[in-house]
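Visitor: I have just opened this structure for the first time. Could you show me how to read it, one feature at a time?

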Amino acid sequence: MNILEIINKYEDIKLKTLKSKMIVTFYSEDKIYKILEIQKQKDNFKVAIFPNKIKKIIKSEELEDLILSIKNQKIQTNINLENIKKYYKTGQKVRLIKMYDYIAPIQPLTTGIIEYIDDVGTLHILWKDGRRLGIIVGVDEFEIICPICNSKMLFKEYDYFCTKCSKKYLEFLDYEEQQKDILNKT
Ligand SMILES: [Zn+2]
């Protein structure tokens, strides 16, 4: 399936083709929540994601995945752009499912700690491999995991709870300690 066929399938994604660029606009209830600017670059695509203002190079075959990922994370994205700091906090532990970055992606399943959060939906992460690279909420796929047992956590009402050990998110866990812990286990 090519990109055009995918986009035409959904009413909440619109495509505009300019000279050398494709502009994909994602809508939620008639409001734009993400724009993806795509440019062909040899065998890859150079993409720019707004409002995050982040540029990435992805493999051609990843474009479909990226578009569907942004589409599927719509609800989460809306919540976060409006009120991101309610859902994500410094010191929370994350596990990467997929990062859209061809040049130097973090490997899937790598864990990390949120160091800080900016207002356009980027979580700045210190990864277990010692690198620092941001996750774009609503683009990259990841989950919040339990600091105790590493299982997936779900957000309910005001806090995350662990799907395995039922612990609530422990905000009192010391961030510095978590950083050390993560780096020691590399
Ligand atoms: Zn747990």
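Visitor: How many residues lie between β7 and β8 in their hairpin, and which glycine in the turn has a positive phi?

Guide: A word on the model before that. It is a predicted model, where local features need pLDDT of at least 70 and side-chain atom pairs count only at pLDDT 80 or more, while totals for chains, interfaces and linings use all residues. Residues are numbered from 1 along each chain as its sequence is written. Helices (H or I, at least four residues) and strands (E, at least two) are DSSP runs, numbered from the N terminus. Now your hairpin: four residues lie between β7 and β8, and glycine 121 in the turn has a positive phi of about 95 degrees.

Visitor: In which sense do β7 and β8 pair?

Guide: Two strands pair if DSSP finds at least two bridges between them. Strand β7 (residues 111-117) and strand β8 (residues 122-127) are antiparallel, with five bridges. Within this pairing, tryptophan 127 of β8 is the residue opposite glycine 112.

Visitor: And what does β8 form with β9?

Guide: A hairpin, with four residues between the strands and a positive phi of about 90 degrees at glycine 130 in the turn. β8 and β9 pair in the antiparallel sense over five bridges, and leucine 126 faces arginine 132 in β9.

Visitor: Why does glycine 134 count as buried?

Guide: A residue is buried if 20 or more other C-beta atoms lie within 10 Å of its own, exposed if 12 or fewer, and partly exposed in between; C-beta atoms are placed from the backbone. Glycine 134 counts as buried because it has 20 C-beta neighbours inside 10 Å. This glycine 134 belongs to strand β9 (residues 132-136).

Visitor: Which residues of α2 are buried?

Guide: They are Leu63, Leu66, Ile67, Ile70 and Lys71. Down the axis of α2 these buried residues fall within an arc of 135 degrees, so they line one face of the helix. The arc is that of the directions from the helix axis to the C-beta atoms.

Visitor: How many residues has the largest nonpolar core?

Guide: A nonpolar core is a set of buried Ala, Val, Leu, Ile, Met, Phe, Trp, Tyr and Cys residues joined through C-beta atoms within 7 Å. The largest one here has 38 residues, and Val47, Leu66 and Val94 are among those with the most contacts inside it. Helix α2 (residues 63-72) gives this core its largest share, four residues.
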